[in-house]
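Reader: I have the sequence and the model open side by side. Could you walk me through it?

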Amino acid sequence: QVQLVDAGGGLVQPGDSLRVSCTASGGTFDLYTVGWFRQAPGQGREFVAAISWLDSYTYYSDSVKSRFTISRDNAKTTVYLQMNNLKPEDTAIYFCAASDLLRSTKYTEYDFWGQGTQVTVSS
């Protein structure tokens with residue numbers, strides 16, 4: 001059974017930076033993509049970013065593309081989401097997830113999920 005643990009959220013001010021992490025365990029041989037989704041109060045689940053475990057290909061939603069960076073640490077089987085110039089509208093619970101597809105922006109195509117980590121951007 002694959003397990004994902006995400007962490008690193010917190011309370012920050014607008015313009016600050018934060019890095020959240022997602023660590024996988026239990027065997028990830030057939031899980032080729034790790035993605036980040038977020039959900040704000042009263043909103044649906046929104047795709048944020050994803051990375052291919054095989055070639056490190058990355059892609060982002062338009063709302064975060066110029067500010068967020070997703071990367072991987074193979075030695076620790078960990079994926080990071082570096083969030084810069086955070087805005088109040090970035091406030092949400094951030095979830096990492098893993099998929100057996102090579103490319104995906106749809107939450108229905110992800111098979112395993114972390115528990116979520118809260119990111120709050122406020123003055």
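Author: Happy to! Keep in mind that this is a predicted model.

Reader: How far apart are the sulfur atoms of Cys22 and Cys96?
Author: Two cysteine sulfur atoms count as a disulfide when they lie within 2.5 Å. Cys22 and Cys96 form such a disulfide, and the count for the structure comes to 1 disulfide. The separation of their sulfur atoms is 2.2 Å.

Reader: How many residues apart in sequence are the parts that this pair ties together?
Author: Cys22 belongs to strand E3 (residues 18-25), while Cys96 belongs to strand E9 (residues 92-99). The pair therefore ties together parts whose separation in sequence is 74 residues.

Reader: Is that disulfide right-handed or left-handed?
Author: Look at the torsion about the S-S bond of Cys22 and Cys96, which is about 65 degrees. With that torsion, the disulfide is therefore right-handed.

Reader: Strand E3 also turns up in a sheet. Which strands stand at the edges of that open sheet?
Author: The open sheet has 4 strands in the order E1-E3-E8-E7, with antiparallel pairing. Two of these strands have a single partner strand each, so one side of each is left without a neighbour in the sheet. Those edge strands are E1 (3-7) and E7 (68-73).

Reader: Which residue in E8 stands opposite Thr69?
Author: E7 and strand E8 (residues 78-83) pair in the antiparallel sense over 6 bridges. Standing opposite Thr69 in E8 is Gln82.

Reader: Now for strand E11. Which residues make up its covered face?
Author: Strand E11 (residues 117-121) has two faces, and the uncovered one holds Gln118 and Thr120. Strand E2 (residues 10-12) runs parallel to E11 and is joined to it by 3 bridges, with Val121 as the bridge partner of Val12. The covered face of E11 consists of Thr117, Val119 and Val121.

Reader: What kind of aromatic pair do Phe37 and Phe47 form?
Author: Phe37 counts as buried at 1% relative accessibility, and Phe47 is buried too, with a relative accessible area of 10%. Their ring centres are 5.7 Å apart and their planes stand at 75 degrees. Planes over 60 degrees apart put a pair in this class, so the Phe37 and Phe47 pair is edge-to-face.

Notes. Residues numbered from 1 in each chain as written. Predicted model: local features only at pLDDT ≥ 70, side-chain atom pairs only at ≥ 80, totals over all residues. Heavy atoms only, no water. Pairing = 2+ DSSP bridges. Buried < 20%, exposed > 50% of the residue type's maximum accessible area, 1.4 Å probe, protein only. Phe/Tyr/Trp six-rings, centres within 6.5 Å; stacked < 30°, edge-to-face > 60°.
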